[in-house]
Structures are given as structure tokens and as C-alpha cells.
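Please open the model in your viewer and keep the sequence beside it. The tour goes stop by stop, with something to select at each one.

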Amino acid sequence: MPARNFYTPLLITLAGALFFIPFLGAVHLFDWDEINFAESAREMMVTGDYTKVQINYLPFPEKPPLFFWMQAISMHLFGVSEFAARLPNAITGIITLLTFYIIGKKYYSSRFGLLWALCMLGSFLPHLYFKSGIIDPVFNYFIFMGIFLLVQLAAERKKSIRMNYAALAGIFIGLGTLTKGPVALLMLLLCAAVYWLSKSFRRFPALREWLLFFLAFILITGIWFAIDIWENG
């Protein structure tokens with residue numbers, strides 16, 4: 001059984017790498033977002049300024065920098081290319097498959113987790129999103145994890161574990177905000193409101209859990225937003 005527990009995630013990782021990574025650079029960047037995001041990451045490398053997002057060396061305030069940092073790291077490792085610009089999403093795709101497997105295994109069975117991951121791998125949209133250079137795959141993963149952890153908090157009875165879920169949810173939503181802006185927090189709060197309304201507000205998070213969630217959220221987003229506000233108002 002332990003060997004099976006090791007080989008299944010390895011199989012999923014290899015399958016994801018086989019389907020998502022090859023030929024990433026075979027097609028030119030063609031989407032407006034792909035082109036601009038890759039250029040922003042390249043300009044970070046050229047200027048050495050990783051605190052500002054810019055296009056054509058002018059401020060580009062529409063997006064926070066996390067995804068461009070990922071692309072810049074990839075470009076440092078593999079050179080400025082289509083492959084490097086798209087690699088962060090391919091890796092996100094592999095992580096997403098493993099996440100589905102782990103969640104499915106925990107709450108149902110290892111077989112269910114494997115089938116869930118394979119169903120995602122066999123769908124059309126992942127092969128479009130995880131081989132692109134747009135922000136959405138990374139952003140969607142952070143949002144999914146934040147909402148999932150908040151739902152787990154609602155179902156958990158142990159206070160210590162609930163606090164852990166609250167902190168982790170805040171971290172993931174903070175990362176989502178660093179990826180695409182405050183819409184990450186808005187999406188989580190809307191989903192939470194609908195969920196607890198459907199449950200007649202049973203097991204609603206305690207005040208200390210919300211405080212921990214927002215503390216983790218602020219600490220993560222403060223990595224960049226606090227600096228940007230300090231410098232630019």
C-alpha cells in the first residue's frame with residue numbers, strides 16, 4: 001500500500017508533465033494577454049525592477065506582479081521565449097492534478113482521486129489553459145484552494161484545525177490577490193455568503209477565525225501592495 005501511495009502521485013505528475021510541457025514554445029504568443037504578460041516579465045528582467053509591473057516601460061497598474069514574477073523566474077532559467085512564458089501554467093496544471101488526487105483520496109478513496117485527476121487531464125479546457133501564458137490558471141487554483149479550505153473549516157469541529165484552515169485560506173486568497181487583484185477576496189466572500197446562507201449560517205466561522213484569515217491575507221498581500229502604496233500612494 002505505501003508503494004502504491006507513492007507511485008500514483010508520481011504517475012499523475014509524469015502524465016501531467018507529458019501532456020502539458022512538450023511543445024509549449026511551438027506556437028508564437030498570440031493572445032493579447034499572453035504577449036503583454038510575457039513582455040512585462042521580460043521588462044522586469046531588463047530593468048531589474050521587480051516591484052513595478054510595466055508594459056513598454058510604462059506603468060501597467062491593471063495587474064499585481066505575482067504571475068510576472070513566476071514568468072521572470074522561468075525566463076531566467078530557460079531564456080526569454082514562449083516556452084518560458086507558458087511554463088508556470090504547465091506546472092500549475094500538474095499541481096492542480098495532484099491536488100485533485102489528494103482531495104479525492106482524503107475524502108473518498110485513492111481510486112476516486114486518481115479518476116478525478118484523470119478526468120481533468122482528459123478534458124479539453126486544461127489543455128488550453130495550462131499550455132497558455134495567461135494569468136487565469138494560477139489565479140483559479142488559488143481561488144479554488146481558498147474556497148475549499150474555508151468549506152473545510154465549516155465542516156471541522158476541532159478548534160485548532162479550524163484555525164489552521166482559516167490561516168491557509170487567507171494565504172491562498174492573498175496569493176490570488178497578488179495574482180489578479182482584490183477580486184480574489186470578493187469571489188471568496190461571495191461564495192462564503194452563498195454557502196452559509198444555504199446552511200442557515202450553521203457553523204459560521206468564529207470572529208477569531210475570521211481575524212486569523214484576514215491577518216494571513218494582509219501579510220501575504222502586504223508583500224507587494226504595502227510597498228506599492230508606500231511608494232505610489
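What follows is a set of selections, each with a short note on what is there.

**Confidence.** This is a predicted model, so begin by colouring it by pLDDT. The mean for the protein is 90, and 96% of its residues reach 70 or more. Select helix α3, residues 66–78, where confidence is highest, at a mean of 96. Then select helix α11, residues 225–232, where confidence is lowest, at 79.

**The largest nonpolar core.** Select F68, L149, L150, I173 and F213. Of the 37 residues in the largest nonpolar core, these five touch the most other members. Now show the elements that give two or more residues to this core: α2 (32–47), α3, α7 (136–155), α8 (159–180), α9 (183–198) and α10 (207–221). The largest share comes from α7, with 11 residues.

Which residues is I173 in contact with, leaving aside its neighbours within four places in sequence? They are F142, I143, G146, A184, L185, L188, F213 and F217.

The crossing of α9 with α10 is right-handed. Show side chains to see where the helices meet: L185, L188, L189 and W196 belong to α9, and W210, F213, F214 and F217 belong to α10.

**Two residues with positive phi.** Select F23, in the loop between α1 (2–20) and α2. F23 is not a glycine, yet its phi is positive, at about 65°. Is F23 buried or exposed? With a relative accessible area of 72%, F23 is exposed.

Next, select Y57, in the loop between β1 (54–55) and β2 (58–59). Its phi is also positive, near 65°, in a residue other than glycine. Y57 has a relative accessible area of 40%, so it counts as partly exposed.

**A cysteine in α5.** Finally, select C119, in helix α5, residues 110–121. C119 counts as exposed because its relative accessibility is 52%, and the cut-off is over 50%. The distance is 18 Å, while in sequence C119 and Y7 are 112 residues apart.

Key:
Residues are numbered from 1 along each chain as its sequence is written. This is a predicted model: local features need pLDDT of at least 70, side-chain atom pairs count only at pLDDT 80 or more; totals for chains, interfaces and linings use all residues. Side-chain values use heavy atoms; hydrogens and water are left out. pLDDT is the predictor's confidence in each residue, from 0 to 100. Helices (H or I, at least four residues) and strands (E, at least two) are DSSP runs, numbered from the N terminus. A nonpolar core is a set of buried Ala, Val, Leu, Ile, Met, Phe, Trp, Tyr and Cys residues joined through side-chain atoms within 4.5 Å. Buried means under 20% relative accessible area, exposed over 50%, partly exposed in between (1.4 Å probe, protein chains only). Contact means heavy atoms within 4.5 Å. A crossing is left-handed if the near helix is turned anticlockwise from the far one by less than a right angle, and right-handed if clockwise.
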